[in-house]
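The structure is shown first, and the description follows.

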Amino acid sequence: MDTRKIFNDIEINNQWFINTRRELHKIPELDFQLPKTVAYVISLLKEMGIPYKEGIGKSGIVADIEGQNKKITIALRADMDALPILECGNKEYTSTIPGHMHACGHDVHTAILLGVAKILSENKDSLPCNVRLVFQPAEETNGGAVPMIEDGCLEGVDAIFGLHVDPTIECGVVGVKYGAYCASSTDVVIEIEGRSCHGAYPSQGVDAIVTACGIVTTLQSVISRNIDSRDSAVLSFGKIVGGEKENIVAQKVIISGTLRTLSNEVKNRVKERVKEMVENTAKGYGATGKVTYTDGYTALINHDEYIDIIKENSKNLLGEKGVYVKALANMGVEDFAYYIEKVPGAFFNLGVGNKAKGITAPLHNDKFDIDEESLAIGVKLQIMNILFAYEKLIKNN
């Protein structure tokens with residue numbers, strides 16, 4: 001039986017996907033608090049007759065579709081949460097929750113996963129393996145991936161795919177990135193302790209503000225002089241708090257920033273050098289310096305053999321010009337990284353922009369929208385990814 005041909009020959013009803021996406025777009029919710037979204041997703045899973053578990057990772061949903069080979073399971077993940085943005089516009093599907101908006105396209109991700117569920121549930125007899133549908137909360141905030149994994153969403157999973165819409169890529173094009181796709185994030189807090197005194201007699205104290213200025217300037221050399229220029233790292237400070245009054249030499253200053261890297265080796269090297277330079281620079285001014293690190297998301301490193309699958313499927317679906325191979329990683333973060341730390345898989349971008357239609361607003365913008373023709377492309381491509389990944393796993397076993 002030619003499973004690929006069976007699914008290639010299926011007629012796609014894009015209007016169903018469009019309607020589903022628009023309904024989701026109307027009800028954007030934040031973080032783990034997704035009652036309307038969860039209820040809507042569950043209502044459609046029930047209609048399709050797909051068994052599911054709710055409350056995974058606090059408010060996530062995991063649904064399973066059984067295939068012929070029950071020893072292999074391939075997962076697809078979609079994030080469901082929105083952003084605290086007031087939507088601009090009066091479209092028929094504009095947000096009905098003031099101050100909340102699907103400005104990052106997670107409504108699209110969820111609609112595509114539901115579209116895949118619909119097609120597969122209607123063609124179960126031709127499905128070669130099990131498929132797990134992972135509907136995740138809180139990608140935009142604290143990271144819903146980790147609690148979902150802790151609740152077992154990857155148990156028995158052999159491979160996983162995820163996608164993110166990209167309005168900078170035209171609809172009909174898929175973006176892929178080999179290796180590092182997204183950076184890790186680390187919060188950096190530097191505490192400087194000096195000694196206060198009257199501003200007219202600064203020699204009697206130790207100026208924490210002057211020390212802070214010296215430290216911030218000195219740390220700019222960490223990336224340029226301590227990290228290989230062929231590696232990627234960003235160290236940015238966005239907040240400085242210190243001092244009590246204009247005529248008092250400040251005793252304490254707190255500097256807060258972020259560190260972004262694409263590998264643990266580089267991250268650890270930067271941490272080590274920042275700590276050394278803060279402590280020694282502060283000592284040189286007669287103050288003391290302390291650095292505290294809080295690691296956030298880990299770096300998202302794609303498995304190249306699964307990027308090969310996405311790339312080949314995109315060419316088959318959209319032609320040679322339907323694939324854009326990215327040269328540079330994104331220094332932002334994405335908690336899909338935690339899934340592919342556990343199992344093989346890949347994350348890619350689905351083009352949703354359309355300059356001719358005026359669909360050009362960036363992500364996290366109050367005018368963000370998509371070319372809805374991209375929905376059918378996303379559904380077809382994810383189904384093809386499942387089929388090709390299954391063949392790869394069978395071959396390797």
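Eight strands make up an open sheet of mixed pairing, ordered 1-2-4-3-5-16-6-15. Strand 1 (52–56) and strand 15 (323–325) are the edge strands, each pairing on one side only. On average, neighbouring strands of this sheet are turned by 25° against each other, direction ignored. Strands here are DSSP runs of E with at least two residues, helices are runs of H or I with at least four residues, and both are numbered from the N terminus. Two strands count as paired if DSSP finds at least two bridges between them. Axes are lines fitted to C-alpha atoms, for helices over the stretch in contact, and angles between N-to-C directions run from 0 to 180 degrees.

Within this sheet, strand 2 (residues 60–65) and strand 4 (residues 129–136) pair in the antiparallel sense over five bridges. Ala63 stands opposite Leu133 in strand 4. Helix 8 (residues 304–318) lies across strand 5, strand 6 (174–176), strand 15 and strand 16, and runs at about 35° to strand 16. Contact is taken as heavy atoms within 4.5 Å.

## Basis of the model

The model is predicted: local features need pLDDT of at least 70, side-chain atom pairs count only at pLDDT 80 or more, and totals for chains, interfaces and linings use all residues. Residues are numbered from 1 along each chain as its sequence is written, and side-chain values use heavy atoms, with hydrogens and water left out.

An open sheet of four strands has antiparallel pairing and the order 10-12-8-13. Strand 10 (233–242) and strand 13 are at the edges with a single partner strand each, so one side of each has no neighbour in the sheet.

Strand 8 pairs with strand 13 in the antiparallel sense over eight bridges. Thr186 stands opposite Asp295 in strand 13, and Ile190 stands opposite Val291 in strand 13. Strand 8 also pairs with strand 12 in the antiparallel sense, over 10 bridges. The bridge partner of Glu191 in strand 12 is Ile254.

## Helix 3 and helix 4

The axes of helix 3 (residues 35–48) and helix 4 (residues 106–121) come within 10 Å and cross at roughly 10°. The two helices are therefore roughly parallel to each other, a term for angles under 35 degrees.

Val41, Leu44, Leu45 and Met48 in helix 3 meet Thr110, Leu114, Ala117, Lys118 and Ser121 in helix 4. The residues of this contact divide into six nonpolar, two polar and one charged. Ala, Val, Leu, Ile, Met, Phe, Trp, Tyr, Cys and Pro count as nonpolar, Asp, Glu, Lys and Arg as charged, and the others, Gly among them, as polar.

## Largest pocket

The lining of the largest pocket has 30 residues, of which Cys182, Asn330, Gly332, Val333 and Glu334 lie nearest its centre. Strand 5 (159–170), strand 7 (180–182), strand 8 (184–193), strand 12 (252–261), strand 13 (288–295) and strand 16 (345–353) are the elements that give two or more residues to this lining. The lining residues divide into 10 nonpolar, 11 polar and nine charged. On a 1 Å grid over the protein atoms alone, a pocket is an open set of points where a 1.4 Å probe fits, with protein on both sides within 12 Å along at least five of seven lines; lining residues have an atom within 4 Å of a point.

Terms used:
Parallel < 35°, antiparallel > 145°, perpendicular 65-115°, else oblique.
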